[in-house]
Structure formats: C-alpha cells, structure tokens
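I opened a new structure today and kept notes as I went. Here is what I looked up, entry by entry.

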Amino acid sequence: MKFLAVLNISLCLFFCNTTSAQSDSTKKSNTNLIWYKSTVFKTIAAPVLLTGYGLSVSGSHGIPSSDQVRDAALKTFPGFHTSVDDYMAFSPAALALGLKLGGVKTEHNLVDGFFLYAFSFGLSEGIVEGLKFAVHEKRPDGSDYLSFPSAHTSAAFAGAEFLHQEYINQSGWYSAAGYSLGSATGVLRILNDKHWFSDVLVGAGIGILSTKVVYLVYPVIKKKLSKHKSNHPLH
C-alpha cells in the first residue's frame with residue numbers, strides 16, 4: 001500500500017516535470033542530449049534515491065532498518081523530548097529570508113521568491129498529507145496513524161532546496177546550511193519517537209522534489225500569465 005501510494009504520486013510529478021522540461025527545450029535539439037545531463041534526470045535523481053532508500057528500509061527491512069534506527073535512538077537517548085523540531089521545519093526558509101533582507105543577492109526578487117516558496121511548501125504538504133491518510137501508518141510512539149511520511153522533514157527540505165535554488169550562485173555554504181537544518185529536523189523527529197527512519201527519508205525526497213518541480217513550472221506559468229495580461233489590458 002505504501003509503495004503504490006508513493007508510486008502514484010511519483011508518476012504524477014514525473015509527467016508534470018517532463019511536460020515542463022519539454023516546454024523549456026522546444027528550441028533546442030535533443031540529438032546530442034546525454035540522459036544524465038537532462039533537466040528531468042537532474043530534477044528527480046536525488047529525490048528518487050531518497051524515496052527509494054526510504055521504502056527499502058521500512059519496518060525490519062534494509063540496512064539500517066527503521067526498527068533498528070528506532071531501537072538505537074531509544075537506547076542512546078532514553079526519554080528524549082523537544083519541541084525544537086516544530087520550529088526547525090521552517091528554519092531553512094527563515095534563513096533564506098534573513099539572507100535576502102541582509103542584502104545577499106538571490107536568483108529572484110522578493111515577490112517571486114515568496115510565491116516560489118509558498119507553492120513549493122503547498123505542493124509538498126499536499127503530497128505528504130495525501131500519503132498520510134492513504135498509507136495510514138502508525139507512529140513509533142503509537143499516538144496516531146499519520147506517521148508516513150514526515151511532514152516536518154518534508155517542509156524542512158522543501159525550504160532547504162528553496163535556499164539552494166536562490167543562493168546557488170553565491171556560496172555552497174548556504175546550501176550546506178539549509179540541508180544540515182533539514183537533516184537535523186529529521187533526526188529530531190526520530191529522537192522524539194514521532195517518525196520512523198523511512199518516514200524521514202521519504203519526506204525529505206518529497207520536499208526536495210516539490211521545490212524542484214515548482215522552479216521548473218513557475219517560469220512557464222509566469223510567462224503565460226504575463227502574455228495573457230498583455231493581450232487583455234485593463235481599460
């Protein structure tokens with residue numbers, strides 16, 4: 001059930017991504033295109049690896065399995081609890097905003113950046129919430145059946161990818177900071193006994209992919225809206 005739900009979402013995102021990539025490359029020849037340099041591959045590679053690995057370590061399967069990771073966390077940090085992860089989920093996006101307000105050059109202006117992040121976060125949350133109710137997996141602590149995948153981790157990595165996309169030409173340290181914050185969020189969700197290892201990995205994959213897809217689609221949508229506006233001026 002879990003695999004089928006993720007597969008359906010992945011296929012939808014893949015075809016959406018493929019359509020966007022094709023619209024951006026209509027003026028380019030594909031005869032010399034190397035598959036691993038294609039826009040589609042660069043977009044889905046990391047998220048697919050994370051999601052695939054996450055599914056492979058579900059339950060008692062894989063190395064290390066989600067059960068093994070939980071046992072190690074409970075043994076190493078017994079009674080651990082913090083609410084910091086509730087805030088850390090948005091820390092990469094907050095860092096991106098802070099750098100922007102601090103005068104660091106970004107790839108987009110403040111308005112476009114706001115919409116890019118809002119759409120990325122919205123897409124990520126939509127996918128995650130859909131999967132939570134479709135899969136209906138029990139949390140490690142038994143509190144409910146909304147464990148898979150991790151919404152906190154998905155939000156954090158959607159923000160981390162947003163930070164990466166906006167400051168990609170400034171410094172690699174910004175990207176490293178964003179992904180470190182995302183990883184820390186996932187670790188805290190495991191230590192809080194709210195998520196399995198597999199939940200965190202798949203959540204990270206969804207967050208990254210959501211932002212990548214939005215960054216591909218947004219310019220096309222914006223161009224079409226601008227064209228529509230120019231053809232129908234207000235009087």
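I start with a cut-off that I need below: a polar contact is a pair of N or O atoms within 3.5 Å. I also note that the model is predicted.

**Entry 1: the start of helix 6.** I looked at Asn109. One of its side-chain oxygens comes to within 3.2 Å of the backbone nitrogen of Val111, at the start of helix 6.

**Entry 2: the whole chain.** I stepped back for the overview. The secondary structure comes to nine helices and zero strands. I checked burial over the 235 residues, and 43% of them are buried. Then I looked at contacts with a separation of 6 or more. Residues 24 or more positions apart account for 78% of these.

**Entry 3: the length of helix 6.** Helix 6 covers residues 110–135, which is 26 residues. I followed it from its first C-alpha to its last and got 37 Å, close to the expected 38 Å. Next I listed its buried residues. Among them are Asp112, Leu116, Ser120, Ser124, Ile127 and Leu131. I kept a general point beside that list: an α-helix has 3.6 residues a turn, so residues three or four places apart point the same way.

**Entry 4: helix 6 against helix 7.** How do the axes of helix 6 and helix 7 cross? They come within 9 Å and cross at roughly 155°. Angles over 145 degrees count as roughly antiparallel, so helix 6 is roughly antiparallel to helix 7. The crossing is right-handed. I then picked out the residues in contact. From helix 6 they include Gly113, Tyr117, Phe121 and Val128. From helix 7 they include Ala151, Ala155, Gly159 and Phe162.

Entry 5: His136 sits in the loop between helix 6 and helix 7. Its phi is near 60°, a positive value in a residue other than glycine. His136 is partly exposed, at 48% relative accessible area. Pro149 lies in that loop between helix 6 and helix 7 too. The peptide bond from Phe148 to Pro149 is cis, with omega near -10°.

Entry 6: I searched on along the chain. The bond from Ile63 to Pro64 is cis, with omega near -10°. Pro64 lies in the loop between helix 2 and helix 3. Asp193 has a positive phi, near 65°. I found Asp193 in the loop between helix 8 and helix 9. Is Asp193 buried or exposed? Asp193 is buried, with a relative accessible area of 13%. I noted why these sites are worth a line: most residues other than glycine have a negative phi, and most peptide bonds are trans.

**Entry 7: Thr153.** I went back to helix 7, where Thr153 is found. Thr153 is buried, at 0% relative accessible area. Which residues does Thr153 touch, leaving out those up to four places away in sequence? They are Gly182, Thr185, Gly186, Arg189, Val200, Gly203 and Ala204. I checked Val200 further. Thr153 and Val200 are 47 residues apart in sequence, yet 6.0 Å apart in space, C-alpha to C-alpha.

**Entry 8: Ser210.** My last stop was Ser210, in helix 9. Ser210 counts as buried, with 0% relative accessibility. Leaving out residues up to four places away, Ser210 touches Ser120, Leu123, Ser124 and Ile127.

Notes
Residues numbered from 1 in each chain as written. Predicted model: local features only at pLDDT ≥ 70, side-chain atom pairs only at ≥ 80, totals over all residues. Heavy atoms only, no water. Helix = DSSP H or I, 4+ residues; strand = E, 2+ residues; numbered from the N terminus. Expected span 1.5 Å × (residues − 1). Buried < 20%, exposed > 50% of the residue type's maximum accessible area, 1.4 Å probe, protein only. Polar contact = N/O pair within 3.5 Å; in protein donor to acceptor, adjacent residues only side chain to side chain. Axes fitted to C-alpha atoms, helices over the stretch in contact; angles between N-to-C directions. Parallel < 35°, antiparallel > 145°, perpendicular 65-115°, else oblique. Left-handed = near helix turned anticlockwise from the far one by under 90°. Contact = heavy atoms within 4.5 Å.
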